[in-house]
Structure formats: structure tokens, C-alpha cells
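The following note sets out numbered remarks for a colleague who works with the model. Each remark may be read alongside the coordinates.

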Amino acid sequence: MGALDSGNTAWILTSASLVFLMTPGVAFFYGGMVRAKAVLNMLMLEAAALSVTMIIWTLWGWSIAYAGNDIGGIFGDPASGFLLKDSMVAQDGVFTTTGLNSNNYPVSVDVAFQVAFAMITVGLICGAIAERVKYSTWMIFVALWITFDYAPMAHMVWNGGLLSGDGAISKAIGATAHDFAGGTVVHINAAVAALIIVLIIGKRKGFGTQPFRPHNVPFVMLGAFLLWFGWFGFNAGSAFAANGTAGYAWVSTSAATAAAMLSWGFTEKIRSGHYTAMGAASGMVAGLVGITPAADVVSPLWAIVLGAIVGILTCLACGLKFKFGYDDSLDVVGVHGVGGFTGTLLVGFFGEGTGLLAGGDWKQLVVQFLIALVAILYSAVITAIIAFALEKTIGWRVTEAQEVGGIDLADQGERAYDFAGTASSVLKEVK
């Protein structure tokens, strides 16, 4: 291990900040999609994703994911890195890091980068359960889910566990599993969890019989733009160095995202005759999701093709909730589930030198399918246990009257917009 690399340190710390920004980006993205009576609750759910995750990560999440001794390729020992004790040290009364990692930047910077990933992952889930869940239940869920689902999944994929390139599945197939920045850990994981909770807590009143229109489309667009910006830290930061791979991940991420936005728009135009702002925002996010597992291993051509495929499929998938009757409020399953699974699978087709079309080998496709399948099963089982336990104890839902009247007023005791006050002010000025 060499001397501290200030370039790598600065880049990963910047990337951590960019990824942190993604959760507020999701807050605006989701917040604009809900009705006016639920926007504060949505912003609060995202605030809880940030705050509760940070506490759990400091206590034992980091240890389970990265710092603890491996247990069965599934998770790390939560005690050995408890309260970051093997990552931070006090010197002359000032805390610093205990050492450098393999890319010669401080371990403390890695803690920051990885907790931002945990925050955005759990933050994605609440879009599916919008307008009807109690803030108190959500906070408890975040703590349990980060502990028993996200941290072990991160360990399995990114710390040499079962789903990693060094894991048992890769060795059995004879190909190296590849998830560059979170197709399995983040997007498939969050989407499956979202679907499980939705099935347990049930539909909003009026689902399928009345329109639930977004109350602020500019908020949605703002959130999408912030996510695209933050994703440069998400994907380019996952090179873990200020190098050419980081630069290429920036390029491939944007190429795929642009293609997905356009293909979603073309699909929408054919179906409805319009290119909508909602569609553009959703297409951007879908492209970002799809390229995440593949950003470093697909050529510029295949990045564009991947984005175009993901844009079309996710656009079509968002309508499945009406066909199958599950109330995924803001299309977490359609965008993140379908997008994450498709992107993970397409590494097996487009991965340079290993994919079926870019390398002529079927093994990469098989291993990508298997790691995606295991991620789905693990997330489904763990989330079902947590969500069902919460449903049978403290409950998920606000009352029907509170839901109809507005969850903001019921749970937060506030309204986002003082329409009555505004009207009164106008009348006073007229008089």
C-alpha cells in the first residue's frame, strides 16, 4: 500500500457528495408525482432514508457490508466494525482514518461513499408506497431493511461474497459476475422490496377507478436532472479512482440515459400522440438505472443500444400494475425493477469480450441471470419477513379518512401549500 493519493481521495469524496444528492433528487422526483396533499410526507420519507441509514451504517451497517469478517459469503460480522471502530482512530484528540484502501484513499472516504449508496437504495422504495404509510413505520422499516437486506446484499456483490466475481456462482459457471454500480444491490433490490410491501399493505383508495395526477411536474423534472447529475458520482465514482474508467463511465452513463429518454418519448408518442415531460423524466431515470451495472464494460454503441432497449421496456412495463392490480404508486417496479434486471442481463449480451454479442460466450449471460435471480429471491424473502412483521404489529397504513384528507396533515400536521392563505392575501390586496 502506497502513500495517500490525493486525486483519488478528492474524487471519491466528491462522488460521495454527488450520490448523497441523489436522495434529495429522488425526493423532488417522487414529490412532484404525488398529489399536493402528500408531497410533504414524501419528502419526509426521503429525509428518514438519509437519517436512519446514516445511524445504522455508523453502528453496524458498514461492518456487515464491508468491514466485518465474512460469514458464509452472505454478510460480515456486525461486531468487528461496530461504530466504525476498525476504520477511524483518534490522534492527538482529532479523528482520522486508520489507513488507506487498495486505491490509496482513506477508509473513512469509502464509508462516506458507500453509505450514500445505502441511502438512495432504501429511498427508492418509498415511491411505491406513496400517500398511505405512516412515517413511524417507515423509519423502523429503514433501520431493519438496511441491517438485514441492503448491507448483506452489498457484501455479497461488492465484498467478495456469494454474488461477486469471486463468489460461488461465478466459480461454478466459469464467468465473472459483473455489477459495476448496483443493478442488483440497488435497483433490483429496491424494486423487489417495493413490490413486496405494496402487496402486503394494499392499494390506495381509488386506485384503478380515479386518476392520480402528479401535482408538480417541474418538481419531477428537477428531480430527474438532479439524479442525472448525481449519477456521475454513482457510476463514475464506482471506478474508485480518478482514472480513465471513471471518465468512460461518465460518457457511457450519459449516452445510455439520452437514448432511454428518447426511446421512452418515441414509445409514448406512438401510444398517446405526445412527448410528455413526465415521460422524459422517467426515461432519464430508466436509462440511468439500466446502464448502472454495465457502465464500464459496454462500448459506446452498446451503451446507446442498451439505453434504447431499457427506455422502451420500462415505458411499457409501467402499465403492468393496472393489468395485475398492484398499486406501485410511482412505478418503482416498472422503472427500477425492469430497468435494473434488463441492464444486469444485457451485460451478458453486450459486455466487451465476455458477452454473447460482444464476446461470443454464453457463460456471462448465465451468470448475470443467476445473480439477478438470487438478488430477487433474497430481497423478496427478507423484505417479506420485515414488512409482514411490521404490518402485524404497529401497522403500515394511516386510516382511510386520513388518506383521503391528506397524509401530510394527518402525519406531519402541515400542508405544503397554503391555498387558503394565498386567497385571503389576494382579497385583502384587492380591497
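1. C126 is buried, with a relative accessible area of 0%. In this predicted model, the cysteine sulfur closest to that of C126 belongs to C318, and the separation of 16 Å is too far for a bond. C315 also has C318 as the residue holding its closest cysteine sulfur, here at 6.9 Å, which is again too far for a bond. C315 counts as buried because its relative accessibility is 7%. A disulfide requires sulfur atoms within 2.5 Å, and a search of the whole structure finds zero disulfides.

2. An unreviewed UniProt entry annotates residues 10-417 as "domain: Ammonium transporter AmtB-like". In the model, that span is 66% helix and 3% strand, and its end C-alpha atoms lie 40 Å apart.

3. Which residues does Q114 touch, not counting residues up to four places away in sequence? The partners are W57, W62, Y66, Y150, W158 and F240. Q114 itself is placed in helix α3, which runs over residues 107-125. Its relative accessibility is 4%, so Q114 counts as buried.

4. N104 is not a glycine, yet its phi is positive, at about 60°. This residue lies in the loop between β4 (94-97) and α3, and N104 is buried, with a relative accessible area of 19%; the cut-off for buried is under 20%. E131, likewise not a glycine, has a positive phi of about 75°. E131 is located in the loop between α3 and α4 and counts as buried at 6% relative accessibility.

5. Together with R35, R132, R204 and D327, E131 is linked in a network of salt bridges. The structure as a whole holds seven salt bridges.

6. Where in the chain do K205 and E400 lie? K205 is in the loop between α6 and α7, whereas E400 is in helix α14, so the pair ties together parts that are 195 residues apart in sequence. Their side chains meet in a salt bridge with an N to O distance of 3.7 Å; the limit applied to such a pair is 4 Å. K205 is partly exposed, with a relative accessible area of 45%, while E400 counts as exposed at 51%.

7. A salt bridge also joins the side chains of D331 and K321, at 3.1 Å from N to O. D331 belongs to the loop between α11 (320-324) and α12 (332-350) and K321 to helix α11, so this pair ties together parts that are ten residues apart in sequence. K321 counts as buried, its relative accessibility being 6%.

8. E403 and R397 form a further salt bridge, in which the closest N and O atoms are 2.9 Å apart.

9. F212 is found in the loop between α6 (183-201) and α7 (217-235). Leaving aside neighbours within four places in sequence, F212 is in contact with R35, R204, K205, G206 and F207. Among these contacts, R35 and R204 belong to the salt-bridge network, and K205 is the residue paired with E400. F212 and T292 are 80 residues apart in sequence, and their C-alpha atoms are 30 Å apart in space.

10. G406 occupies the loop between α14 (400-405) and α15 (407-412). At a relative accessible area of 3%, G406 is buried. From G406 to A387 the separation is 19 residues in sequence and 23 Å in space, C-alpha to C-alpha.

11. Which residues make the nonpolar surface patch of about 320 Å²? I140, L144, F148 and I394 make this patch. L144 is found in helix α4, which covers residues 135-158. With a relative accessibility of 30%, L144 counts as partly exposed.

Definitions and conventions: Residues are numbered from 1 along each chain as its sequence is written. This is a predicted model: local features need pLDDT of at least 70, side-chain atom pairs count only at pLDDT 80 or more; totals for chains, interfaces and linings use all residues. Side-chain values use heavy atoms; hydrogens and water are left out. Helices (H or I, at least four residues) and strands (E, at least two) are DSSP runs, numbered from the N terminus. Buried means under 20% relative accessible area, exposed over 50%, partly exposed in between (1.4 Å probe, protein chains only). Contact means heavy atoms within 4.5 Å. Patches are made of residues with over 30% relative accessible area and no salt bridge: like charges are joined within 9 Å, nonpolar side chains (Val, Leu, Ile, Met, Phe, Trp, Tyr) within 5 Å. Accessible areas come from the Shrake-Rupley method with a 1.4 Å probe; for residues, only the protein chains shown count as cover. UniProt positions are given in the numbering used here, feature names are shortened, and annotations may be inferred rather than shown by experiment.
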